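Hi there,

Here is the structure I promised to pass on to you. Please open it beside this email and follow along.

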Amino acid sequence: MASIILRILLAVLFYLLVTPCGMVLRLFKIDVIEKNCKPAAESYWRASGK
Amino acid sequence: MKILGISAFYHDSAAALIIDGNIIAAAQEERFTRIKHDKNFPLAAIAYCLQAAGLTIENIDIVIFYELPEKKFQRLLKTYLSFAPRGYTSFMKAMPLWLTEKLYQKQFIVKQLTSFGKFRAERLQFTEHHLSHAASAFFPSPFEQASILVMDGVGEFATTTIAEGKGNKITLTKQLNFPHSLGMLYAAFTYYLGFKINSGEYKVMGLAPYGRPIYADLIFKHLVDLKADGSFRLDQHYFNYCTGLTMTNKHFDALFGGPPRQAEALLTQKEFDIAASIQAVTEEIVLTITRAMAKTDNTGNLCLAGGVALNCVANGKILKDGTFKNIWIQPAAGDAGSALGAALVAYHIQQQQPRIISEQVDAMHGSYLGPAFSQAECGMRLRQAGAVFSVLDDQALIAQTADALATEKVVGWFQGRMEFGPRALGNRSILADPRSPEMQKNLNLKVKFRESFRPFAPSILAEDVTDWFDLDCASPYMLLVAPIKDDLKIPMSDAENALFGIDKLNVPRSTIPSVTHIDYSARVQTVHQETNPRYHQLLTAFKQRTGCPILVNTSFNVRGEPIVHTPEEAFICFMTTDMDVLVVGNCLLHKYQQTVAITDKPTFAPD
């Protein structure tokens, strides 16, 4: 039972929170995990410890 | 100060114990539980480490876990955020596990440790995944200063990290983050070629020489954006590992003209060519990184760890490239080794204890860090298993074993402490004569029960390595591939060259054909008097009889089985394969003298 409730909550969380938030971020071109390739960039290295 | 390092929950769980900076014991959980790449909390490995030092958990000052679970969770959430609405299935699979278990890893670990005795939670520390790897690569190395390169699948965020090591300090300088990962890229191709990820990578590397790298340009054009400084990103359009339950997707299939190969399906030239291509791409990425690193390096020394550092072909290329004078690779370069790395982080970095550089080859004690069995124990255990054997003194034992090897007998060789890391280095090994042209096929099919294309590695007396291979440094952990000397090569005729794929294998291409891969290379292990005197003696005795200071060395197991840990496991493996002779400590067994029948033959999941 508990696991069914958890699954429903997770599905709601995914579609009503994660998905819209992700879409808004994409709308503003915010790449949270630096996912996209940038052919014009010179380097992809990032400083450690941040 | 007594420190226990632990790695767990992903693959290859392990534990390592250091006392005042000295590496005392280390082992992978799989060897005890007999589950290959066991990822469960390493209770048995911890029990072994404690027992090896005669300690209880109360005596341990610090226990340290190799990565930061919360940070890993953050990465997961960010990834879902970045891909949603894609990723629902993966989200629903991963989240319940995180919310009910993985986020409470600290409590879980404390509870597990309490099963050994009284353990206070404040003695449990955590450190970063790539810092653990970097520490395992640098602190045991023979270098006062070095550049460090860590490459693997992923830890928390980092997939590729460049660091500098000096004395007892490590400074992480720059990194690439998930999902851009050389480990993931190689794993994606491993998956596409029909092998299991996290273990089938060796097979891809072994297949590569049978093919031509005709897809390398395609990979660079579509999948990998490599910059001149070695940094890169992977075009996620072709991959599925961020959000799905597979590694690659339909766009990837379209690019390579078909779906992934089914496991165990026939291997064709296409698979060989793809393997050759991803290997070539890997080498180019790694070399671009190390060349860029060399520009700012003033030490001449390079330390490697992380799963990609197990790609011994790429390692050989770095060495040959000459941008770094010396290279040292952590033998347990995968996640098992980060248990040791984490312990070293606690000692040198967190506790700021000085580092004493070993006067031996390095501080790993040859990686012989696992359990050993006394002669009395070996004899007793073998007797109980029903074995028929004679007990010989050292001299007779070495002589008779060398005689057997020189007459092309396949010998199981079980001695001293078990190796830490994926390779058998002459203590849990199956040995054979490398001069025999039939040996590779026989060993693969009749002893190891695995695919006939898989190459075998040579062990060679460290003193003789330059006479046989183009290698002028130590390679004690079988992590460097080097070409065979030109004068030992047998050139192939045009007809032989035209042979297809695996048929090429049957043409001997050197005077030591069973360890010569089809590109005239070999994955060399140099055997040193200081770290393994007994194996060194055996090689010396074999050389006296044959003029050849080399033996075929393959791990003591069958396909899918973890390397044997106990004399009984060695005996069962011996009895259920075509091995001729077994040597356990000073006990010598001939197959034809055995009287017991092994009825309950163990079975192992396919690798």
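Let's start where the two chains meet: A:Ala47 has B:Lys174, in S8(B), as its bridge partner. S8(B) covers residues 169-177, and two bridges join this strand to S1(A), the two running antiparallel. Strands here are DSSP runs (E, at least two residues) and helices are too (H or I, at least four residues), numbered from the N terminus. Two strands pair if DSSP finds at least two bridges between them.

A word on the model: it is predicted, so local features need pLDDT of at least 70 and side-chain atom pairs count only at pLDDT 80 or more, while totals for chains, interfaces and linings use all residues. Residues are numbered from 1 along each chain as its sequence is written, and chains are lettered from A and ligands numbered from 1 in the order in which they are written.

How many residues does each chain give to the contact? Chain A gives 24 and chain B gives 30, where contact means C-beta atoms, placed from the backbone, within 7 Å. On the chain A side, the elements giving two or more residues are helix H1 (2-27) and strand S1 (46-47). H1(A) supplies the largest share, ten residues.

Chain B also holds an open sheet of nine strands with mixed pairing, in the order S13-S21-S20-S14-S15-S19-S16-S18-S17. Its edge strands are S13 (390-391) and S17 (480-483), each pairing on one side only. Within the sheet of chain B, four bridges join S14 (residues 411-414) to S20 (residues 581-584), which run parallel. There, B:Val411 stands opposite B:Val581.

Enjoy exploring!

Key: Two residues are in contact if their C-beta atoms, placed from the backbone, lie within 7 Å.
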